[in-house]
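Try each task before you read its solution.

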Amino acid sequence: STGINAEYGGKFRTQLDALDASVQSNPDKIEAELRKACKTKQPKDERFCWYIGATETSATGMTQVVTKPMSFHKPVEKICGDLHKKDAQICDLKYEKQIDLKTVNIKKLKVKDLRKILEQNGQDCKGCSEKSEFVKKVEAIAREQGRTEL
């Protein structure tokens, strides 16, 4: 998994690059966009946004640590490095890997990942002790989602 800050920062940078140049070089306008982007429903994004002070419930206000360098197109990884000096936790937040059930080799997944897929689909595998039992249940979910070859 990748550090949340680089990943979220990358997503946000892409959104910014699509906007007018007058916004891209203005830290205040970037902050407004960041706050707008932070109204997302991704819990990990929300945690990052909360950490840097871009949500209503944030205890700190470090948004300028992100918005100012973004205004002069500093690479997201470098911004993360600077943030890390202020608060190591920010860069250590992790995104879960998204597993694509249409393409992944289900038999090669770890039991931990199989469990996560079951959980994300509102199922569990009570009484399962063998990996093959988890695989069967996940394969059934993959079929329900339109996968034809397993």
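**Exercise 1.** What kind of interaction do the side chains of Asp-124 and Lys-126 meet in? Then classify both residues by exposure.

*Solution.* Keep in mind that this is a predicted model. The two side chains, Asp-124 and Lys-126, form a salt bridge, at 3.4 Å from N to O. Next, apply the cut-off: exposed means over 50% relative accessible area. Lys-126 has 73%, so Lys-126 counts as exposed. Asp-124, at 40%, is partly exposed.

**Exercise 2.** Which residue does Lys-107 pair with in a salt bridge, and which parts does the pair tie together?

*Solution.* The partner of Lys-107 is Glu-139, with the closest N and O atoms 3.0 Å apart. Now place each residue: Lys-107 sits in the loop between α7 (88–92) and α8, while Glu-139 belongs to helix α9, so the bridge ties together parts 32 residues apart in sequence. Finally, check exposure: Lys-107 is exposed at 52%, whereas Glu-139 is buried at 11%.

**Exercise 3.** Which elements give two or more residues to the largest nonpolar core?

*Solution.* Start with the members: the core has 14 residues, and those touching the most other members are Leu-101, Ile-106, Leu-114, Leu-118, Phe-134 and Val-138. The elements giving two or more residues are α8 (111–120) and α9 (131–144). Of these, α9 gives the most, with five residues. Now look around Ile-106: among the residues Ile-106 touches are Leu-101, Leu-114, Val-138 and also Glu-139, the salt-bridge partner from Exercise 2.

Notes. Residues are numbered from 1 along each chain as its sequence is written. This is a predicted model: local features need pLDDT of at least 70, side-chain atom pairs count only at pLDDT 80 or more; totals for chains, interfaces and linings use all residues. Side-chain values use heavy atoms; hydrogens and water are left out. A nonpolar core is a set of buried Ala, Val, Leu, Ile, Met, Phe, Trp, Tyr and Cys residues joined through side-chain atoms within 4.5 Å. Buried means under 20% relative accessible area, exposed over 50%, partly exposed in between (1.4 Å probe, protein chains only). Helices (H or I, at least four residues) and strands (E, at least two) are DSSP runs, numbered from the N terminus. Contact means heavy atoms within 4.5 Å. A salt bridge is a side-chain nitrogen of Lys or Arg within 4 Å of a carboxyl oxygen of Asp or Glu. Lists of a residue's contacts leave out its neighbours within four places in sequence.
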